[in-house]
Amino acid sequence: MKYPQGVRKQQSDSAQRSNEINYGQRGMTLEKDLDKTNQFYLDSKRAIIHKKPTPVQIVDVDYPSRKKAKITEAYFKVPSTSDYNGIYKGKYIDFEAKETRNKTRFPFINIHAHQVEHMRACHNQGGIVFIILKFTVHDEVYLYPFEHFVKHWDVFLADGRKSITYADIKKESILLPIKYNPRYDYLAAVDEFYFE
């Protein structure tokens, strides 16, 4: 079949773009679902949990007019801590949301040491701390209590194991079924693990 000039090139470019991985947007689907869940909890007065903003240092702003101010240069101030925090049943909650496309394991490259140390400090002060992990290939989301996660992390620090197996996560976590509202009722899993 003969194509008009340039059509074949456009098709190959769009096919190539569809195969590219956008690492900056990894975890965004899970975070959007968690934001909806947290809004449901807030509206129903069940808990107050919010996504933490990433601290940014604004360096330069273009002011063509007051309503059209535009940030033209900014930098992350300090490494961020975890994604979400709040209060539930009088207890402080702190958690990270992570998504992986890996079928058989959760690679530690997906989490930063300063995030784990922040979660460890919150846990040591009596906070409820966990990670919500999504395995996109399996379409499964787990609440992974920090108490279990940190054992694997400490082994990683000691001998260099670079991941937690999917089998271990399934065994040590609570599966969060997807629902309409709340999308992922992770507080039911918090009740099961921390309050029973």
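In this predicted model, isoleucine 48 belongs to strand β1, which covers residues 48-51. Isoleucine 48 has a relative accessible area of 43% and is therefore partly exposed, since that class lies between the 20% limit for buried and the 50% limit for exposed residues. Together with Leu42 and Ile87, Ile48 makes a nonpolar surface patch of about 230 Å².

A second region of interest comes from an annotation. An unreviewed UniProt entry lists the feature "binding site" at Thr81, Asp83, Glu96 and Gln115. These positions are spread over 35 residues of sequence, yet they cluster in space, with a largest C-alpha distance of 9.1 Å.

Two of the annotated residues can be described further. Glutamate 96 is part of strand β5, residues 91-100, while glutamine 115 is part of helix α3, residues 113-124. Glutamate 96 counts as buried because its relative accessibility is 1%, and glutamine 115 counts as buried because its relative accessibility is 3%; buried means under 20%.

What does glutamate 96 touch, not counting residues up to four places away in sequence? Its contacts include the annotated residues Thr81, Asp83 and Gln115. Glutamate 96 also touches Ser82, Ile111, Met119, Phe130, Ile131 and Ile132.

Notes
Residues are numbered from 1 along each chain as its sequence is written. This is a predicted model: local features need pLDDT of at least 70, side-chain atom pairs count only at pLDDT 80 or more; totals for chains, interfaces and linings use all residues. Side-chain values use heavy atoms; hydrogens and water are left out. UniProt positions are given in the numbering used here, feature names are shortened, and annotations may be inferred rather than shown by experiment. Helices (H or I, at least four residues) and strands (E, at least two) are DSSP runs, numbered from the N terminus. Buried means under 20% relative accessible area, exposed over 50%, partly exposed in between (1.4 Å probe, protein chains only). Contact means heavy atoms within 4.5 Å. Patches are made of residues with over 30% relative accessible area and no salt bridge: like charges are joined within 9 Å, nonpolar side chains (Val, Leu, Ile, Met, Phe, Trp, Tyr) within 5 Å. Accessible areas come from the Shrake-Rupley method with a 1.4 Å probe; for residues, only the protein chains shown count as cover. A salt bridge is a side-chain nitrogen of Lys or Arg within 4 Å of a carboxyl oxygen of Asp or Glu.
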